[in-house]
Amino acid sequence: MRLARYQGKRVARSHRAVILFIAAAAAVALAVAGVVRLVYGGQVPPPPDVSQGETDSSADRSSEPASQLDSAPKAPPYDFSQPAPASEAVDNRYFDDAAFVGDSRTDGFMLYSGIGTGENLAANGVSIFRLAERKSLTIDGEKYTPLEALALKQYGKIYIALGVNELGYNNDKGYYEKFCAAVDEVRRVQPNAVIYIQSLIPVNEAQYLAATGHDYLTNDHLRIYNQLMQQVAEEKKVAYVNVYEAFADENGSLPEGDSRDGVHLYKESCQRWLEYLRTHTVEFDALYPDGPPPVEVPDPEPAGPDTSTADGSGQG
């Protein structure tokens with residue numbers, strides 16, 4: 001009987017302990033709720049936005065390729081103030097869509113270099129001074145100036161080699177201005193072509209004097225013309241090909257073994273000329289990655305001296 005009363009008291013005490021624990025827990029819960037209301041102004045705090053972190057990280061990842069593209073190295077712009085650098089050799093098919101404008105030196109090049117392709121728009125006695133006036137070419141029975149002939153079809157490359165016939169004239173300013181105008185006209189009729197200005201190959205003054213009796217063809221003046229043509233190339237943003245360096249000896253002269261008269265080249269020399277052109281080419285997109293410069297239309301100018309009828313015109 002005593003044992004039963006003891007056990008009843010023990011159970012009652014246990015019940016009271018449980019009740020006290022529950023009451024304490026409830027008080028703690030109420031206290032926490034009060035703090036939360038105080039912090040959030042009576043509103044329940046929003047659940048954490050897990051997707052926000054995922055979105056931010058995805059955005060970061062998606063931006064990586066663009067930033068990598070932006071930081072990718074770009075090819076430096078072509079330096080028009082310098083001659084065309086050496087490049088991997090092309091075969092003669094590169095010249096299938098090329099036109100060659102020049103004098104008798106270029107005509108000999110087309111005949112004897114072995115190029116076997118390209119359009120020959122060269123003629124004896126052609127000069128930069130009357131390039132737009134003298135109808136030196138006959139095509140399908142019609143007479144054309146070299147610039148008119150260029151407009152008959154589209155080309156991928158235009159090679160210009162002019163200046164030997166002009167060496168007897170002390171008109172360097174006129175030479176420069178006429179060359180600039182010629183490049184503008186070539187670009188107008190051939191806007192998608194790579195325009196190459198070829199430097200003058202040196203002459204052999206002693207050979208030329210012995211062959212003709214004339215002494216006005218000098219390499220000193222020839223080198224001035226080469227400098228002027230390089231300036232034209234820089235101003236007009238076309239390629240300058242320094243063929244001069246493939247022929248000049250230690251004195252800056254054409255070796256005797258390259259020519260019969262100090263001006264016109266033997267077959268083997270023409271082949272060397274071709275080899276130089278084959279290893280100094282430039283792609284249109286490398287010259288103009290953002291598109292070609294605008295076409296300039298110069299005002300009409302008075303015709304220059306007709307070097308084809310001047311004394312000594314037969315050299316080129």
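Student: Is Asn 165 buried or exposed?

Tutor: Asn 165 is buried, at a relative accessible area of 2%. Buried means under 20% relative accessible area, exposed over 50%, partly exposed in between (1.4 Å probe, protein chains only). Keep in mind that this is a predicted model: local features need pLDDT of at least 70, side-chain atom pairs count only at pLDDT 80 or more, and totals for chains, interfaces and linings use all residues. Residues are numbered from 1 along each chain as its sequence is written, and side-chain values use heavy atoms, with hydrogens and water left out.

Student: Where does Asn 165 lie?

Tutor: In the loop between β5 (157–161) and α5.

Student: And what does the side chain of Asn 165 reach?

Tutor: The backbone oxygen of Val 126, at 2.8 Å.

Student: Switching to Ile 158. What is Ile 158 in contact with, leaving aside neighbours within four places in sequence?

Tutor: Its partners include Ala 99, Leu 150, Val 186 and Tyr 196. Contact means heavy atoms within 4.5 Å.

Student: New topic: how much space lies in the second largest pocket?

Tutor: About 170 Å³. Thirteen residues line that pocket; among those closest to its centre are Tyr 112, Arg 260 and His 264.

Student: Which element gives the most to that lining?

Tutor: α3, with six residues.

Student: How does the lining split by class?

Tutor: Six nonpolar, three polar and four charged residues.

How values were computed: 1 Å grid on protein atoms, 1.4 Å probe; cavity = no way out; pocket = protein on both sides within 12 Å on 5 of 7 lines; lining within 4 Å. Points joined across faces, edges and corners; volume = space filled by probe spheres on them. Helix = DSSP H or I, 4+ residues; strand = E, 2+ residues; numbered from the N terminus. Nonpolar A, V, L, I, M, F, W, Y, C, P; charged D, E, K, R; others polar. Polar contact = N/O pair within 3.5 Å; in protein donor to acceptor, adjacent residues only side chain to side chain.
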